[in-house]
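Reader: I'd like to learn how to read a model like this one. Could we go through it together, feature by feature?

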Amino acid sequence: MQELKRSQKKLIIGMVGLPARGKTHISFKINRYLNWIGVKSQMFFLNTLAYEEKNVDFNIEIEPYKEEYQQMKKDLKQKLQIKLSQFLQNGGDVALYNGICYTREERAQTMEFFNTIPDVKVFWIESICDDERVIYENIINSKIKNHLDKQEQFEKFTKSLEAIAQVYETIEKIENTSFIKIINIGRLIKLYKVDGYLQSRIVSFMLNLHITSRPIFLCRSGQTQFNLEDRIGGDSELSIKGHAFSNRLAEYFEEELQNYIKENQQISVITSTLRRSIQTAEVIGQRLNIQPLYTKTLDEIDYGLVDGLTVHELRSKHQREVQERKKNPLDFKYPRGESCRDVINRIEPVIFEIERCQGPIIVITHVTVMKCLYAYFQCNQITEVPNIDFPSGLVIRLDPGAYTSQESRVQLEY
């Protein structure tokens with residue numbers, strides 16, 4: 001990834017679409033994904049800058065041609081574009097831009113600015129949505145959520161939307177630029193002239209997006225014989241205490257997901273191919289009447305030649321490697337082993353699968369893999385991943401929202 005980043009041009013992603021069509025939701029998802037895989041990405045939104053500097057919330061977005069906002073929009077757009085340019089010229093890789101470009105003329109003017117930045121590639125993402133329920137929820141839960149007079153603000157917003165729709169121009173081939181059209185938050189995606197390694201990864205990621213709310217559970221497998229012997233890695237079976245934890249975990253999920261079970265909604269259990277996680281997942285599967293999915297992608301980090309050593313043996317026989325690991329925990333790998341960054345790249349298909357699932361999903365895995373998964377959902381910087389801590393017996397519940405995931409933690413007693 002690092003070599004590819006050095007050989008690729010910088011990327012600007014222009015966001016297009018009517019208000020309340022999910023542009024911000026999509027942008028947050030893409031930005032989170034890119035930073036998680038080690039691509040330095042940042043969002044540059046005109047309405048955000050308007051709120052920060054002028055205390056103007058959605059008015060500049062739904063009334064951009066009103067006289068009192070025209071000059072403000074022009075001034076803020078110049079300031080936003082300077083920030084974007086500085087970001088890309090000072091180590092940034094990808095900039096997600098929403099300058100409120102509703103017409104071809106506005107996009108052409110924006111492209112003139114983009115073309116002044118050296119070594120950049122531009123493509124646009126247009127979010128089109130005609131699902132009235134989605135539009136309503138976006139307005140209520142995002143645009144006017146901080147207003148007390150919600151009915152009045154909703155009527156104002158929808159009236160302005162009708163006016164904008166009269167001048168709005170969808171992006172077309174005639175504009176001679178690369179673009180993606182995402183319709184109804186992922187139900188249909190159209191591509192035009194999209195090429196390049198990073199663009200392809202973004203498209204693959206977007207194919208799995210949806211807005212259905214569901215809980216995601218992350219937890220480690222139970223205690224093993226290797227844990228009792230203070231050994232690292234390996235493929236040991238569960239200890240007596242590990243089996244007890246598996247039963248307690250199954251009871252927890254049966255209680256926590258009882259409403260989904262009553263409604264006969266699909267529940268997924270995904271785990272690794274190591275014996276300790278299989279034994280943990282099997283108990284849950286039997287209790288919930290689910291066949292777990294086993295994937296090597298979720299196996300614990302490969303410790304290479306030191307796999308199976310006790311912690312004491314590791315520290316006494318591999319002092320130099322232990323010190324090197326402390327200096328660079330993200331990229332260090334034991335001989336013939338994996339680094340934490342390697343694990344992030346390895347588990348990307350699991351992230352896609354979790355994003356794709358529209359029912360509750362339970363992930364039973366191992367400590368390093370759990371750190372990497374958690375960092376994705378909670379927007380941790382890639383350098384923070386090795387330092388995230390998860391004690392045994394901990395269950396994390398994540399409820400993804402439009403922009404962030406609500407988190408709750410339960411420490412199971414067994």
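Predicted model: local features only at pLDDT ≥ 70, side-chain atom pairs only at ≥ 80, totals over all residues.

Reader: How are the rings of Phe-113 and Phe-114 placed relative to each other?

Author: The general idea comes first: two numbers describe a pair of aromatic rings, the distance of the centres and the angle of the planes. For Phe-113 and Phe-114 the centres are 5.9 Å apart and the planes stand at 55°, so this pair is tilted.

Reader: Which residues do ring pairs link into a cluster?

Author: The cluster is made of Tyr-97, Phe-113, Phe-114 and Trp-124.

Reader: And how many aromatic pairs does the structure hold?

Author: There are 17 aromatic pairs. One of them is Tyr-33 with Phe-352, tilted as well, at 6.0 Å centre to centre and 50° between the planes. This pair links distant parts of the chain: Tyr-33 belongs to helix α2 (residues 23-36) and Phe-352 to helix α17 (residues 348-356), 319 residues apart. Tyr-33 and Phe-352 are both buried.

Reader: What sits over the ring of Tyr-376?

Author: That is the charged end of Arg-32, 4.3 Å from the ring centre.

Reader: Let's turn to the sheet. In what order do the strands of the open sheet come?

Author: The 6 strands follow the order β9-β8-β10-β7-β11-β12, with mixed pairing. The edges are β9 (293-294) and β12 (405-411); each has a single partner strand, so one side of each lacks a neighbour in the sheet. Further in, β8 (residues 268-271) and β10 (residues 361-365) run parallel and are joined by 4 bridges. Thr-271, for example, has Ile-364 in β10 as its bridge partner.

Reader: Which helix packs on the sheet, touching β8, β9 and β10?

Author: Helix α13 (residues 275-288) does, and its direction makes about 155° with that of β10. Helix α11 (residues 240-256) lies across β7 (216-220), β10, β11 (394-400) and β12, running at about 170° to β7.

Reader: How many disulfides does the structure hold?

Author: It holds 0 disulfides. The test is whether two cysteine sulfur atoms lie within 2.5 Å. For Cys-340, the closest cysteine sulfur is that of Cys-372, 4.0 Å away, which is too far for a bond.

Reader: Is Cys-340 buried or exposed?

Author: Cys-340 counts as buried because its relative accessibility is 5%. Cys-357 counts as buried too, at 6% relative accessibility, and its sulfur is 16 Å from the closest cysteine sulfur, in Cys-219, so that is too far for a bond.

Terms used: Residues numbered from 1 in each chain as written. Heavy atoms only, no water. Pairing = 2+ DSSP bridges. Helix = DSSP H or I, 4+ residues; strand = E, 2+ residues; numbered from the N terminus. Contact = heavy atoms within 4.5 Å. Axes fitted to C-alpha atoms, helices over the stretch in contact; angles between N-to-C directions. Phe/Tyr/Trp six-rings, centres within 6.5 Å; stacked < 30°, edge-to-face > 60°. Buried < 20%, exposed > 50% of the residue type's maximum accessible area, 1.4 Å probe, protein only. Lys NZ or Arg CZ within 6 Å of the ring centre and 35° of its normal.
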